[in-house]
Amino acid sequence: MAVQHPKPRRHKVSTLEAESAMQEELPPNTIKKTNQWCRWSEEVIPSLIVPYLAYMQETSILHYANIVRQPHRDTVACHAGCGTCSIKVACVFFDSLSEINIIVCPCFPAPLQLLHHGLFPCAPVAPSLAVDLHVLEFVCLLFICQSPNHTAWCNAVETFLDGMGYKLTSMHSLHCRFSNAFHWYQVLTILACDHISNLIADTWKDKIHLQPMAVEQPTEYLYSHCPLCFGENDWQKANNSRFMPDIIVCIDACFTQKHSTNPRGADGHDPPNPTPSFFLPKDDVHQERVSRMEPEEDRYEMGMSLMALLCRHDRVLWIVNLISAGERQHYSLALLDCLFKHLIPQMTVRLLYDIGCQLEWSCRKWSLLDETILSQITFAVAIFYAYGHQWPCQIIYHPRKHEGFGLSDGEGLLQGFGHWLHWHWIHCQKKKNAALDNLQDLDLNKDMLRIEWKAQIAHQTRPAPCQSMNKAAKVITTLLALEKTLDAHNASVHKLEAQLYGVTNTIRHCRSALGVEDKAELEKMKKDIYLTARLNAHAVKTHIQDRLCQQKFELERLERSYRASINAEKLHTNMQHSIKRHKPGILKLVLTYNGLCSHICSLIQQWQVPPFAIPPHSILCDGIFQLNIDNNIWQDIGLDDTTVNPPAWLSDEAVRNSIWLQLEVDHCFKEEA
């Protein structure tokens, strides 16, 4: 189909654009594309926003547009005396391809005329192709459900229309023009939505101005992205419990993004995006890195990796491009700073992050965040990555063992929003009902379970013991130093009797327990050989357990990576060498522990130990790296005085199961709230 083109009209380039083009010495084709981009973003699209909204209202969002398609009439000539020209435009519909003639003049340009016909042009001044709005809306929905592929779509349309007898002027002539029309139509729809949002926001601001006592709210940006998280009417009354946060967010990174390079190898930057973006500006991220005094990183190509901040309903709030090797802390800090700029001061936040433990301690040690912001954040580790952290870290940062996170896991879902809410509610009810039924069968006191859980946390998060030649002497010296501390407090007890009444009772009890004879007995026990050997054996065994658990995690990671891909041979080799380097150190600790066990057994045979002393079990080197549940590495017989009377959270299977079920019920109730 032949298309008549008008005489080319020169686009008046601004002085700044001309100087920039001369300085960079860009090729003519690049200058033409840049000028066309500016014409689209600065002139055409802003002028089409109001007519587009009027057309959508007139047709009830395309419900009544072109029900019975009438042949398009040629537009009459302009009577205002403008210079006009005739343009023949090919129009693409679902089932046909037709041509229309339009008379273009400055007061009634081609894009505006085509929009009145329910079409969108491929060029800002003299388009040769226009696409029906129904087709563009369908392609928008299609590319949401699958990966965008303009080439495949255009080839299918050309083949379909060719089979119906409609021919285009040249082969593959639809691809570039359709892609251009589709891109700028998406820009038009986005800016139209923003135009409506701005009108609503201005009206709301006027309402707040008329009502000075109105409640302060998060920004409209956050509300538009997730009304469930940021749509509460009164944040001060919505939550009166310190364990219930206002919002829950998560941070995660993706290193599998692809960034297409310029096929011609040309240098330069893309023109500015006229639509609002999820991405943080590069200047904000760079300023965050400079303020944290982080060194220059190894730069990656822009767009190869992403880090996103999402709400608990998996709605994207902001995204940042990663241009360094790994997840540097300034990326997550930039996202958090941006979030708190849009929140009101009294809002509390629960944050799920792969290395949330490390991020919190860095913020507290180096003051990376303001104290006011840090006091409003509670850190946790995403569930998918929690298994790789050590057990004391999981006790503190696991979201299922921390109050206030409900059933949030920090992992996004690839489902629709409505389906996500429905599935999440049903899943919460199933877990809660199952846990309540099991708790009712066990019939244990809730208060006792909470006390046992706190005792388990205190026991399993205490610092690991260290071995020493004078282990017993150090313990006794610590006890004597504590006794002197008690005496010092006793000297001032009369002055602070009202405030330190509880401390006075404790001091009196300890003083009665530690008499003169006990002190003399403790002095004799300073050089006790058996006590020193037992404490050192317990410390060595604790180190062996930690080293074995760490190696087990490395072996599991090796197996998963091998099943996932057989091409990462270099990574596998390095990990195998790392594991082999760890084995001699673990075996040396096992030999040291077995030597201490033999020494304790010899002391027992020589009757140089207290009564009822139990010899500890030695560890066999064969099969130690398999970490079987019945291995002697987990048995502290003869090493811990609590072995005779262990706590309920360790020895009672019913108490252990009830603690887990009670935590499950608590999180389900928080999820419902």
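## Basis of the model

Residues are numbered from 1 along each chain as its sequence is written, and side-chain values use heavy atoms, with hydrogens and water left out. In this predicted model, local features need pLDDT of at least 70 and side-chain atom pairs count only at pLDDT 80 or more, while totals for chains, interfaces and linings use all residues.

## Helix α4

Leu133, Val135, Leu136, Val139, Cys140 and Phe143 of α4 are buried (under 20% relative accessible area, with a 1.4 Å probe and protein chains only; exposed is over 50%, partly exposed in between). They lie on the same side of α4 because they cover an arc of only 155° around the axis, taken from the directions from the helix axis to the C-beta atoms. The face turned away from this buried side carries exposed Leu141, Ile144 and Cys145.

## Gln113 in helix α3

Gln113 sits in helix α3, residues 110-116. Gln113 is buried, at 2% relative accessible area. Its side chain reaches the backbone oxygen of Phe108 at 2.7 Å.

## Leu482 in helix α18

Helix α18, residues 471-491, contains Leu482. With a relative accessible area of 48%, Leu482 is partly exposed.

Note on methods:
Helices (H or I, at least four residues) and strands (E, at least two) are DSSP runs, numbered from the N terminus. A polar contact is a pair of N or O atoms within 3.5 Å; within protein, one must be able to donate a hydrogen and the other to accept it, and residues adjacent in sequence count only if both atoms are side-chain atoms.
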